[in-house]
Amino acid sequence: MSWLISEWIDLIFGYKQRGEAAIKATNVFHHLSYQGSIDLEKISDPVERLASINIIHNFGQTPKQLFTKPHPKRKLESQIPQFEDLITDLRQPPTPMQIHSEAISSLHMCNDRAMAGFGQKAFIPGRSDHYLEWGFSDGSVRMFAVDDDRPFGLAENLHSMPITCAVFADETTLITGSEDATVCVWQVRFGKTFEIQLKECLRGHIARIATLAFSRSFSIIVSGADDGKAIVWDLNRLKYVRQLHGHVGPVEVVAVNDTTGDIATCAGPNLHWWTINGELFAAQMICTDETKGILACVFYEGVGQEWISKDLLFTAHKEGVVRVPHPICTGD
């Protein structure tokens with residue numbers, strides 16, 4: 001049976017929680033579970049009082065009734081335009097919003113300003129006017145202000161070889177991958193000085209780490225490497241969880257849907273789509289020409305509480321186009 005959120009509210013917090021409406025909805029529970037049904041302080045008989053307490057503990061307590069009238073229903077989902085329905089209405093302005101001399105590798109929104117990232121750089125959460133840069137021969141990361149080319153934060157020798165990729169899981173957690181085949185998780189602090197401390201070094205790959213992604217909702221890190229492996233790590237315990245098998249060639253791009261836990265891995269022209277439990281349920285060769293390989297991918301996770309009828313995955317390619325793949329299912 002499909003329930004509307006308004007009907008659920010009516011049963012749990014609304015007018016169907018008590019009285020005749022609750023009886024008709026078969027939503028009646030033990031009378032002692034309702035708020036205000038009994039005052040334990042007024043029961044003088046200790047045996048009766050203990051029995052009442054045990055009954056309450058056994059049956060639990062219904063939530064406080066908040067509404068006495070039917071909760072208003074939202075508009076029908078079919079009447080609400082979804083993002084995928086509006087794709088045909090997207091328009092490109094006649095002139096670019098920004099022009100840069102370097103290839104743009106990432107975008108970050110700071111209030112009403114779109115910030116472009118280049119190469120091996122990442123904007124710092126909570127400090128959108130600053131970014132972190134890596135890829136140096138000494139295995140270091142360096143912090144810069146957007147409007148100033150001089151570094152005012154430096155941490156050297158984080159890895160034995162140059163760092164190849166880095167992402168911030170939150171304002172104080174930095175994840176790095178390196179040519180030394182390790183993934184490291186760091187505790188960072190930004191203040192008058194830039195401080196960084198190793199939390200854990202994760203070992204499972206045998207070649208250069210090419211890409212990293214994470215999900216705070218599902219507490220996972222996903223790493224992809226030139227050894228053809230994609231590994232899922234526990235972000236809280238910082239332990240190995242599982243390996244995603246079956247890639248032909250280096251895993252160059254990974255993405256995690258923070259709403260569903262789905263994982264996308266890209267190796268050359270091939271896209272693999274996995275469940276949070278590591279089950280491959282879709283795969284597709286997106287392009288046949290290596291010059292049109294996949295540079296990045298991202299899941300569309302909706303805005304606010306928007307309900308999405310199907311998962312959307314966007315892939316960015318070397319020839320400068322963005323595609324929305326429809327993978328061919330591999331399961332039954």
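Is Ala181 buried or exposed? At 11% relative accessibility, Ala181 counts as buried, where buried means under 20% relative accessible area, exposed means over 50%, and partly exposed covers what lies in between (1.4 Å probe, protein chains only). The model is a predicted one, in which local features need pLDDT of at least 70 and side-chain atom pairs count only at pLDDT 80 or more, while totals for chains, interfaces and linings use all residues. Residues are numbered from 1 along each chain as its sequence is written, and side-chain values use heavy atoms, with hydrogens and water left out.

**Confidence**
- The mean pLDDT of the chain is 78, and 74% of its residues reach 70 or more; pLDDT is the predictor's confidence in each residue, on a scale from 0 to 100.

**Overall make-up**
- The chain has four helices and 22 strands, which are DSSP runs numbered from the N terminus, helices (H or I) having at least four residues and strands (E) at least two.
- Of the 332 residues of the chain, 39% count as buried.
- Among contacts between residues at least 6 apart in sequence, 39% join residues at least 24 apart.

**Salt bridges**
- The structure holds four salt bridges, each defined as a side-chain nitrogen of Lys or Arg within 4 Å of a carboxyl oxygen of Asp or Glu.
- One of them joins the side chains of Arg216 and Asp170 at 2.4 Å, N to O; because Arg216 lies in the loop between strand E11 (209-215) and strand E12 (220-225), and Asp170 in strand E7 (residues 163-170), the pair ties together parts that are 46 residues apart in sequence.
- Arg216 is partly exposed at 36% relative accessibility, and Asp170 is also partly exposed, with a relative accessible area of 24%.
- Another links the side chains of Asp226 and Arg208 (3.2 Å, N to O), with Asp226 in the loop between E12 and E13 and Arg208 in the loop between strand E10 (194-203) and E11, 18 residues apart.
- Asp226, at 32%, is partly exposed, as is Arg208, at 33%.
- In the salt bridge of Arg237 with Asp234, the closest N and O atoms are 3.3 Å apart; Arg237 counts as exposed at 53% relative accessibility, whereas Asp234 counts as buried at 15%.

**His159 and its surroundings**
- His159 is found in the loop between strand E6 (148-155) and E7, and at 5% relative accessibility it counts as buried.
- Leaving aside neighbours within four places in sequence, His159 is in contact with several residues, including Asp138, Thr176, Asp180 and Trp186.

**Positive phi values**
- Most residues other than glycine have a negative phi.
- Ala181, in the loop between strand E8 (173-178) and strand E9 (182-190), has a positive phi near 75°.
- Ser219, in the loop between E11 and E12, has a positive phi near 55° and counts as buried at 13% relative accessibility.

Terms used:
Contact = heavy atoms within 4.5 Å.
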